[in-house]
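Q: I have a new model open and would like a quick tour. Can we go through it piece by piece?

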Amino acid sequence: MVAVERYSLSQARRIALRAQGLAGPRPSRAGPVTMRGFQQVVDRLGLLQIDSVNVLARAHLMPAYSRLGPYDITLLDRASGTAPRRLVESWAHEASFVPPATFRLLEWRRRAYRTEAWGGIAAMPSERSAALDEVRALVTEHGPISAAKVHDLMESSPPRSTTEWGWNWTVAKQALEYLFFVGEVTSAGRNGAFERRYDLTSRVLPPEVMAQPLPDDADAVRELVAISARAHGIGSQRCLGDYFRIKQARVEPAVADLVDAEVLVPVKVEGWPRHVFRHRDATLPRRATGSALLSPFDPLVFERRRLEELYGLRYRIEIYVPAHLRVWGYYVLPFLIGEHLEALVDLKADRKDKVLRVHGVHRAPAPARSAASDASVVEALVGELRLMAQWLGLEQVVVADASGTLVGDLAPALHAAVQTA
């Protein structure tokens with residue numbers, strides 16, 4: 001009988017950090033980040049979650065920054081907006097950029113839109129069939145095209161929706177979102193207002209990808225779980241499904257198949273769920289020596305239950321929480337040092353005044369943090385904030401909320417350190 005691998009939580013954290021490209025310092029370079037370097041991050045993570053909130057930097061831009069440092073964000077624009085595309089948009093972990101091959105693996109979800117789609121998408125063919133036909137024709141003729149332009153071109157120009165799922169969308173936007181979900185259209189890139197430029201999927205995906213036969217549902221889900229496992233390094237069955245938002249009923253047989261194929265290795269992690277798996281390529285570094293500010297949508301932290309179980313931090317994004325009820329702040333980034341999440345930093349890019357504003361900064365509660373001193377955490381954070389300000393084209397870092405108040409237990413020390421720097 002083969003002995004079951006056993007790991008402490010510390011070891012599991014380090015395995016996860018190496019898999020995510022966060023276990024060591026950012027790579028040193030003589031010149032700017034290249035497309036090859038950016039592609040390596042994409043290949044490692046498997047997806048980039050998209051979110052339009054631009055308080056600091058859009059969510060899909062941050063994971064590459066956290067792993068590479070300052071880079072030219074037009075690399076992502078080129079990867080997703082020019083042929084041959086390295087990234088395309090799809091529903092994956094919410095709306096995400098994924099490699100074209102992964103886009104094809106998500107076809108089972110598109111076919112199952114009646115049970116997989118959100119809101120009222122499933123009702124579109126029966127309730128808005130004429131609008132769908134009109135929008136299809138407009139995209140075919142004019143794509144790439146924005147939802148606003150499609151609305152202007154529709155003969156009927158129907159009023160905006162008042163339905164719950166549409167968020168006051170026009171009928172054109174609803175139709176496009178249905179067509180996007182089921183894969184008839186996708187984004188050919190984004191315009192300056194961050195609006196999708198919709199086009200036929202057959203004109204966006206590389207021809208060699210379009211020519212490949214579609215895998216059946218079970219094979220596709222199995223490959224998606226394998227991608228998730230490779231990105232996680234180590235994780236529970238729930239973690240492996242959440243990465244692509246796959247229901248556990250589909251995940252369980254995929255995990256069993258991957259265990260039989262020795263792609264996944266069942267392991268035990270002290271204090272973590274019983275069913276935990278290590279990807280066969282995942283390795284354990286002796287130490288974790290990296291540091292980075294992490295977006296709330298970073299793959300290391302976006303599965304909140306995993307974050308709490310593995311890193312000991314209970315963390316929620318509080319954008320929609322009334323100000324007086326927020327625990328850490330409006331747009332809060334965990335600050336990783338080594339294998340611990342040492343601080344929680346509420347940041348805003350004030351582009352008008354060219355200032356990176358630290359609205360609040362708190363030391364993370366135990367057990368997420370290490371025994372490191374507050375002073376050492378502040379010292380490391382000053383360097384990270386200055387680097388981020390440089391990347392965002394901001395000229396200084398200011399520690400205070402909108403009223404000038406220092407918020408959080410680390411704020412006074414960080415304010416003094418920034419002033420000195």
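Q: Leaving aside its neighbours within four places in sequence, which residues is H93 in contact with?
A: H93 is in contact with L47, Q49, D242, Y243, F244, R245 and F302. Contact means heavy atoms within 4.5 Å.

Q: Before we go on, what kind of model is this, and what counts?
A: This is a predicted model: local features need pLDDT of at least 70, side-chain atom pairs count only at pLDDT 80 or more, and totals for chains, interfaces and linings use all residues. Residues are numbered from 1 along each chain as its sequence is written, and side-chain values use heavy atoms, with hydrogens and water left out.

Q: Back to H93. Where does it lie?
A: H93 lies in the loop between β3 (88-92) and β4 (94-98). Helices (H or I, at least four residues) and strands (E, at least two) are DSSP runs, numbered from the N terminus.

Q: Is H93 buried or exposed?
A: H93 is buried, with a relative accessible area of 1%. Buried means under 20% relative accessible area, exposed over 50%, and partly exposed in between, using a 1.4 Å probe and protein chains only.

Q: And what does the side chain of H93 reach?
A: The side chain of H93 reaches the backbone oxygen of Y243, at 3.3 Å.

Q: Which sheet do β3 and β4 belong to?
A: An open sheet of 3 strands, in the order β2-β4-β3, with antiparallel pairing. Its edge strands are β2 (48-49) and β3, and each pairs on one side only. Two strands pair if DSSP finds at least two bridges between them.

Q: How many bridges do β3 and β4 pair over?
A: They pair over 5 bridges, in the antiparallel sense. S90 has S96 in β4 as its bridge partner.

Q: New topic: helix α2. Which of its residues are buried?
A: M35, G37, F38, Q39, V41, V42 and L45. The cover over these buried residues includes β2, α3 (62-68), α4 (74-81) and α14.

Q: Take V42. What is its relative accessible area?
A: It is 3%, so V42 is buried. V42 is found in helix α2, residues 35-45. Setting aside neighbours within four places in sequence, V42 is in contact with L47, L48, L87 and P99.

Q: What follows α2?
A: G46 follows α2, and its phi is positive, near 85°.

Q: What about the sheet with 4 strands?
A: That sheet is open, in the order β1-β8-β9-β7, and its pairing is mixed. β1 (5-7) and β7 (234-236) are the edge strands, each pairing on one side only. Direction ignored, neighbouring strands of this sheet are turned by 40° against each other on average.

Q: In what sense do β1 and β8 pair?
A: β1 and strand β8 (residues 264-269) pair in the parallel sense, over 3 bridges. Y7 stands opposite V269 in β8.

Q: What does helix α1 touch on that sheet?
A: Helix α1 (residues 9-19) packs on the sheet and touches β1, β7, β8 and β9 (276-279). The direction of α1 makes about 100° with that of β1. Axes are lines fitted to C-alpha atoms, for helices over the stretch in contact, and angles run from 0 to 180 degrees between N-to-C directions.

Q: And where does α16 lie?
A: Helix α16 (residues 248-260) lies across β8 and β9, running at about 105° to β8.

Q: At what angle do α14 and α16 pack?
A: Helix α14 (residues 217-232) and α16 pack at about 75°, with their axes 9 Å apart. That makes α14 roughly perpendicular to α16. Angles under 35 degrees count as roughly parallel, over 145 as roughly antiparallel, 65 to 115 as roughly perpendicular and the rest as oblique.

Q: Which residues of α14 make that contact?
A: D217, V221, R222, V225 and A226. From α16 come R250, V251, A254, V255, D257 and L258.

Q: Last stop: why is β12 called largely enclosed?
A: Because 10 of the 11 residues of strand β12 (residues 340-350) are buried. Strand β11 (residues 332-337) runs antiparallel to β12, joined by 6 bridges. Another 8 bridges join β12 to strand β13 (residues 355-363), also antiparallel.

How values were computed
A polar contact is a pair of N or O atoms within 3.5 Å; within protein, one must be able to donate a hydrogen and the other to accept it, and residues adjacent in sequence count only if both atoms are side-chain atoms.
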